[in-house]
Amino acid sequence: MFPQMRRAAGLAAVRRAAGGIASADQHHRLFQAALFTSSSANSSSRSHWFSYNGIAGDKAATHAVFGTMLFSTAATAIVEEAHAKEAVKFRPKDVVLYQYEACPFCNKVKAFLDYYDIPYKVVEVNPLSKKETKWSEYKKVPILMVDGVQMVDSSEIIDKLYTKINPGAVIDSAEESEEKKWRRWVDNHLVHILSPNIYRSISEAIDSFDYITTKGNFSFMEKMSAKYVGAGAMYFISKRLKKRHNITDERAALYEAAETWVDALQGRDFLGGAKPNLADLAVFGVLKSIRYLRAGQDMVQHTRIGDWYDRMENAVGVSAGFRE
């Protein structure tokens, strides 16, 4: 993993370690204060953290206390993550994901890879020319190459990788299992709501393609073509999709889906209980594709899904993907 990714992963580990002893707001403040103390040994602000008793006047002792706290928290998190990684025996040497940045199916696969900390190279596909995937007979994304073997279809990719990561494990095949039910809901319902939302108007369509084209190695003309031609095309396509899936109000449908998912949690942190399962990762990945577009911002503002999304963001951690 690259140095920047390791540093970010370390910070994420500290945050996750703190998560078990405080509320979201509390461990955010604890994390920031610990970092502040470790880098600002002479600051008087640390006096707000403790009633010093016997060490009130001893700056060196105070610094040592905070340094020990931060080191202990980080060390615990690193040990815990090391144990988690020992269970993941599947470590491919070369993983390449061909994707569109705003593709919900691509983001499903990325959420899975990130959660299991499998490094992968990201290749952004030009949505008009698709020159990056001309070598493949499969004309959609995502395409995942794993040590030279092509994998396609996001749910099939995840199932295959899951069985490699968990040798001997059987993905729940019960027809009405909760996890399977909600994974089907993602593929058959949730994803179909997204396009009518992110391409709801010409301006939102342009904003979406502007976001997409910032992620790839496109020339100026390719960016302009994708941004305006692609946005115009998807605006009209989204109207057909809206009609096909019987959506009358795209935002209302998005909000309803978000609330339906929160209700399915039944008060649990995740559908999987104490940790995310494949359904959690699927919903998170799909919604991550729109999270910072106008539709995603509206969704978080007008529904209860924000807390679960934040928990998932912490659980999935820093992206294992990289670009060249």
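Modeller: We will take the terms one by one, each with its value.

Modeller: This is a predicted model, where local features need pLDDT of at least 70, side-chain atom pairs count only at pLDDT 80 or more, and totals for chains, interfaces and linings use all residues. Residues are numbered from 1 along each chain as its sequence is written, and side-chain values use heavy atoms, with hydrogens and water left out.

Colleague: Why is Asp249 called partly exposed?

Modeller: Buried means under 20% relative accessible area, exposed means over 50%, and partly exposed lies in between (1.4 Å probe, protein chains only). Asp249 has 39% relative accessibility, so it counts as partly exposed. Asp249 sits in the loop between α8 (220-244) and α9. Helices here are DSSP runs of H or I with at least four residues, strands are runs of E with at least two, and both are numbered from the N terminus.

Colleague: What makes β3 and β4 a pair?

Modeller: Pairing requires that DSSP finds at least two bridges between two strands. Four bridges join β3 (residues 143-146) to β4 (residues 149-152), and the strands run antiparallel. Therefore they pair by that definition. Ile143 stands opposite Val152 in β4. The two strands form a hairpin with two residues between them. In the turn, Asp147 has a positive phi of about 50°.

Colleague: What makes a set of residues a nonpolar core?

Modeller: They must be buried Ala, Val, Leu, Ile, Met, Phe, Trp, Tyr or Cys, joined through side-chain atoms within 4.5 Å. The largest such core has 64 residues. Leu144, Leu161, Trp261 and Trp308 have the most contacts inside it. Helix α9 (residues 250-265) gives the largest share of this core, nine residues. A second, separate core of 10 residues includes Tyr98, Tyr100, Cys106 and Val123.

Colleague: Why would such side chains gather?

Modeller: In soluble globular proteins, nonpolar side chains tend to be buried together.

Colleague: Which residues does Trp308 touch, not counting those up to four places away in sequence?

Modeller: Contact means heavy atoms within 4.5 Å. On that count Trp308 touches Trp261, Leu265, Asp269, Phe270, Asp280, Val283, Phe284 and Leu287.

Colleague: How far apart in sequence and in space are Asp249 and Pro196?

Modeller: Asp249 and Pro196 are 53 residues apart in sequence. In space they are 9.2 Å apart, C-alpha to C-alpha.
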